[in-house]
Amino acid sequence: MSRIGKNPIQIPEKVEATISDSPSGQTVKVKGPKGELESIFRKEIKITKEENKIVLKRDSDEKLNKSLHGMTRSLIQNMILGVTQGYKKELDIVGVGYRAQVQNNKLLLQIGYSHPVEVESPTKETKIEVDKNQTRITITGISKQTVGDLAAQIRSVRLPEPYKGKGIKYSDERVRRKVGKSAAKK
């Protein structure tokens with residue numbers, strides 16, 4: 001039995017979860033105070049709702065089924081956390097003249113290129129905010145995957161370089177710095 005998959009998922013009071021069968025698998029819909037998420041899961045894992053808990057069981061002990069068991073439970077748990085608490089990622093812009101601003105739900109990045117780079121939010125629920133110094137970007141939303149993907153997409157526009165540390169980095173990320181040529185001569 002999967003250590004993660006065997007644990008039932010507790011459904012909070014404010015959350016409404018529905019499970020239905022579809023041709024490609026089972027559809028789980030979670031509705032909460034922050035919004036609604038829906039996802040389709042494979043047929044190998046049986047998802048059932050018992051009172052205020054969601055229980056997952058697998059058909060066999062094949063390697064694929066074992067790996068799907070824990071992953072499916074984690075994905076459903078993340079959906080429930082998303083509609084109750086939401087997810088948040090913060091990015092810092094480091095560099096002289098580097099800045100960001102939000103216009104019409106689009107993020108405009110001026111980070112050393114000849115033109116500003118535009119990044120658009122993939123969904124209405126995912127919001128991009130920039131602080132008044134224009135150096136910290138905050139991404140909030142109900143889907144952990146969407147928030148993480150958008151943060152990674154923004155970071156990939158200008159990755160932090162190891163010599164001066166310029167670029168876009170996660171707030172909790174530590175950039176390993178390298179010593180330049182001049183230090184090697186001494």
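Analyst: Strands here are DSSP runs of E with at least two residues, and helices are runs of H or I with at least four, both numbered from the N terminus. The model is predicted, so local features need pLDDT of at least 70, side-chain atom pairs count only at pLDDT 80 or more, and totals for chains, interfaces and linings use all residues. Residues are numbered from 1 along each chain as its sequence is written, and side-chain values use heavy atoms, with hydrogens and water left out.

Let's start with Glu129, which sits in strand 11 (residues 127-130). Glu129 has a relative accessible area of 45%, so it counts as partly exposed (buried is under 20%, exposed over 50%, partly exposed in between, using a 1.4 Å probe and protein chains only). Skipping neighbours within four places in sequence, Glu129 is in contact with Val102, Arg136, Ile137 and Thr138; contact means heavy atoms within 4.5 Å.

Now for Thr126, in the loop between strand 10 and strand 11. Thr126 is buried, at 3% relative accessibility. Its side chain makes a polar contact of 2.7 Å with that of Thr123. That term means a pair of N or O atoms within 3.5 Å; within protein, one must be able to donate a hydrogen and the other to accept it, and residues adjacent in sequence count only if both atoms are side-chain atoms. Again leaving out neighbours within four places, Thr126 is in contact with residues including Ile139, Thr146 and Leu150.

Ile139, in turn, touches Leu91, Val147 and Ile154, among others, not counting residues up to four places away in sequence.
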